[in-house]
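Hi everyone, thanks for coming. I'd like to walk you through one model today, so please have a look at it before I start talking.

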Amino acid sequence: MIIKTINCIETDIDGNTWSLKDFPFGKINLLVGKNSTGKSRSLNLIYNLALLVCGERNAILRGSSFNALFDEGDKEVQYLLDFHEGNIVKEELIIDGKSLLSRGADGEGKIWAEQLGEHISFQVPEGMLACVARRDAIQHPFFDYLYNWGKFVRIYRFGSQLGKDTLAIFKESKDKKGLNAKDTDKVVAFLRSGEEKLPGEFSRIIIDDI
């Protein structure tokens, strides 16, 4: 699934607002602008949305509103999410014009159940996203569209330290857990992992890209 357009509104503690309106995307996008014009802020908003819908961030945004449109092959997926004072006041998922999820500020709403062929009532905690709490491959498989998109979004902050201030120590370990590709400070660990899986080829590809 790829994102097509997004509308965002962010409100700070003083009531000042900042917004993106009908921000379009293609397969490759180049965002150009002067310093302090909102480039990083735009990317951070999109990344925050990705973390939220895949469950890697709790819903603690103070005042934000998202309206994102995605392309999922032959389907059009729209996701709307509103926060106020850190609480979710609206969440809705629409696919090809059909509302499959709709919930309000109290966490109560309606959700489409595939096997039942009808909308059913539900309630989740007020501060929890229904698309995360109610994810179910049998009854609500459509939430996987959001989950998979959010899970594979990456942000690499090349203007930051990007791992240059992180110490890497090589040691033998029985822990075979994979690296979290979103932990961009572990660039040395990623390089070593790539070299172990693709000796020589991994470094050659990186050098060619540079």
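**Overall layout**

Reading along the sequence, we get the pattern β-β-α-β-β-β-β-β-β-α-α-α-α. That comes to 5 helices and 8 strands, where helices (H or I, at least four residues) and strands (E, at least two) are DSSP runs, numbered from the N terminus.

A word on provenance: this is a predicted model, so local features need pLDDT of at least 70 and side-chain atom pairs count only at pLDDT 80 or more, while totals for chains, interfaces and linings use all residues. Residues are numbered from 1 along each chain as its sequence is written, and side-chain values use heavy atoms, with hydrogens and water left out.

Along the principal axes, the C-alpha atoms fill a box of roughly 55 × 45 × 30 Å. Of the 210 residues, 31% count as buried; buried means under 20% relative accessible area, exposed over 50%, and partly exposed in between, with a 1.4 Å probe and protein chains only. Among contacts with a separation of 6 or more, 41% come from residues 24 or more positions apart, and contact here means heavy atoms within 4.5 Å.

Now let's look at helix α3, residues 143-151. Which of its residues are buried? They are Phe143, Leu146, Tyr147, Trp149 and Gly150. These cover an arc of only 165 degrees around the axis, which puts them on the same side of α3; the arc is that of the directions from the helix axis to the C-beta atoms. As a reminder, an α-helix has 3.6 residues a turn, so residues three or four places apart point the same way.

Next, its partner. Helix α1, residues 39-53, packs with α3 at an angle of about 125 degrees, the axes being 7 Å apart. That makes α1 oblique to α3, oblique being what remains once angles under 35 degrees are called roughly parallel, over 145 roughly antiparallel and 65 to 115 roughly perpendicular. Axes are lines fitted to C-alpha atoms, for helices over the stretch in contact, and angles run from 0 to 180 degrees between N-to-C directions. On the α1 side, the contact is made by Ile46, Leu49, Ala50 and Val53, and on the α3 side by Leu146, Tyr147, Trp149 and Gly150.

Asp22 has a positive phi of about 50 degrees although it is not a glycine, and Asp22 sits in strand β2, residues 17-24. Asp96 also has a positive phi, near 50 degrees, but Asp96 lies in the loop between β5 (87-95) and β6 (98-104). At 48% relative accessibility, Asp22 counts as partly exposed.
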